[in-house]
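Open the model in your viewer and keep the sequence beside it. The tour below goes from selection to selection and says what is found at each stop.

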Amino acid sequence: MITLEHINKSFGDNHVLKDVSIAVPEGGVTALIGASGSGKSTLLRCVNLLEIPQSGEVHIDDTVARLVPGHKVSRDIILALRRKTGMVFQNFQLFPHLTALENVMEGLVTVLKWPREKAETRARDLLHKVGMSIKADAWPSSLSGGQQQRVAIARALAPSPKVLLCDEPTSALDPQLAAEVVDVLAELAREGTTMLMATHDLRLAATIASNVVFLDGGEVIEAGPAGQVFGAPVDERTRRFISILTANGPAGGQ
Amino acid sequence: MPHWLNLMIDSLPSLLWACVVFTVPLTLLSFVLGLAVGFVAAVVRLFAPGPLAAIVRFYVWIIRGTPLLVQLFLIFYGLPSVGIVLDAFPAALIGFTLNVGAYTSEIIRAVLLSVPKGQWEAAYSVGMTWSQAMRRIILPQATRTAVPPLSNTFISLVKDTSLAAAITVPELFRAGQRIVATTYEPLIIYVEVALIYLVVSSVLSTLQARIERRYARYGGYVGAAS
């Protein structure tokens, strides 16, 4: 079980997350939706402490980071949380000096100290899973955006994380390339991969999310099963947000 | 055989000897040590707290703001007044190392900053520590960008080592001076000395081109924006 409790995060005077608590059920996909600036990406980045909240708690299984104002969280806890999470970025962020295969192997070899042969076997399996086997030896610069993102998904899955964090995984892609990434994520969802995903791609959220959390102005406005939040939103702000996105077309506007 | 050619051939062995025994080692050692100093200085300026970074800024300010020749004289002729007596070669080595360190620290700082912040985050997201991310992800990318400006520094350094002649290091230029003192043929000998520097620099430029080609294989930084 992954839970965030009473997370507060400010950048200077800008209070981005206001006492946010969410629970991410295992084996499901939780989508964080909301307008730009609603805090959904920041919240996602608090899970693996790429952003350190001023206060609150992050629980992943028995690993707990307790953030208290004025206290630095220990390096060991940060590393432990990051080893239980994998992350997919909006701009892929593949390592450009490594091939697709090496990108997937890197964490296994450098962080988990796996022998290279074992890491390579695992990496090839994952590249196969995301449909990128034939590009194993390609440099990232020679891959399309959709292909890069699929390799990035394989890289994030390599150490078998408890949760896959996806930060706008399709936003930098045109609809056709986005579709191939959505397919891969949908397949992972069917297999029961736990995911937490910040997105304003409503099609992506509607396709694979089992739970939805709607954020506005750094607060959780509404949270629940996807069918309920999309089909019968309770709060006026949720209703307005969903109707605006739906009006912009099926892919969801940027 | 014309007189000038004869003279050049006669003096070549002692000039090459001075080049191989003093100029090349002085260049290589001070470059490698200078790079280490430059890397530490760059990392301190980028990541360390204020007071340490201020010390590094002071060091770079002093070295870049004063002539290299004056620095060498201070180390070799000046320091004995406070009880620090150094041989000519170590004095030159220290002078050039400090000089290379100051200049390369600025280059290294810039190329480390040129690697997108997202690469740090990607490295952290797979569980890397700061030093793992630096060694495996950031440095390899920064190195590629650093090859042209560092090659510049290196080739300048080869020629700057001629200043060590002024503090009695018997390197290539000083060996030339000695031959001129006995042959009274400054034009021929200094042309020969210049040609040897030119050959060494050209070899290094070729090496630089080869290193750049090797790095070119992985193409650009697609998708690494923001």
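**The four-stranded sheet of chain A**

Begin with the open sheet of 4 strands in chain A, whose order is β2-β1-β4-β5 and whose pairing is antiparallel. β2 (14–24) and β5 (63–67) of chain A are the edge strands; each has a single partner strand, so one side of each lacks a neighbour in the sheet. From one strand to the next the twist averages 15°. The model is a predicted one: local features need pLDDT of at least 70, side-chain atom pairs count only at pLDDT 80 or more, and totals for chains, interfaces and linings use all residues. Residues are numbered from 1 along each chain as its sequence is written, while chains are lettered from A and ligands numbered from 1 in the order in which they are written.

Helices (H or I, at least four residues) and strands (E, at least two) are DSSP runs, numbered from the N terminus. Strands pair if DSSP finds at least two bridges between them.

Select β1 (residues 2–11) of chain A: 7 bridges join this strand to β2(A), and the two run antiparallel. Ile2(A) has Val24(A) in β2(A) as its bridge partner. Axes here are lines fitted to C-alpha atoms, for helices over the stretch in contact, and angles run from 0 to 180 degrees between N-to-C directions. Contact means that the C-beta atoms of two residues, placed from the backbone, lie within 7 Å.

**The six-stranded sheet of chain A**

Move on to the open sheet of 6 strands in chain A, ordered β6-β7-β8-β3-β9-β10, with mixed pairing. Its edges are β6 (85–88) and β10 (219–225) of chain A, each with a single partner strand, so one side of each is left without a neighbour in the sheet. The twist averages 15° from one strand to the next.

Select β7 (residues 163–167) of chain A. How many of the residues of this strand are buried? The count is 5 of the 5, so β7(A) is largely enclosed by the rest of the structure. A residue is buried if 20 or more other C-beta atoms lie within 10 Å of its own, exposed if 12 or fewer, and partly exposed in between, with C-beta atoms placed from the backbone. In a regular strand the side chains alternate between the two faces of the sheet. In β7(A), Val163(A), Leu165(A) and Asp167(A) point one way, and Leu164(A) and Cys166(A) the other.

Now show the strands that pair with β7(A). β6(A) and β7(A) are parallel and share 4 bridges, with Gly86(A) opposite Leu164(A). β7(A) and β8(A) also run parallel, joined by 4 bridges; Asp167(A) is opposite Ala198(A). Strand β8 (residues 195–198) of chain A is in turn joined by 4 bridges to strand β3 (residues 29–33) of chain A, again in parallel. There, Val29(A) has Met195(A) as its bridge partner.

**Two helices and one residue of chain A**

Select helix α3 (residues 100–111) and helix α5 (residues 145–157) of chain A, which pack at an angle of about 25° with their axes 8 Å apart. The contact takes in Ala100(A), Asn103(A), Val104(A) and Gly107(A) of α3(A), and Val151(A), Ala154(A) and Arg155(A) of α5(A).

Then pick Glu187(A), in helix α6 (residues 175–190) of chain A. Glu187(A) counts as partly exposed because it has 14 C-beta neighbours inside 10 Å.

**Chain B**

Finish with chain B, which has 8 helices and 0 strands. Of its 226 residues, 35% count as buried. To see where the chains meet, select the 24 residues of chain B in contact with 26 residues of chain A. On the chain B side, α5 (117–125) and α6 (130–160) of chain B are the elements that give two or more residues. The largest share, 6 residues, comes from α5(B).
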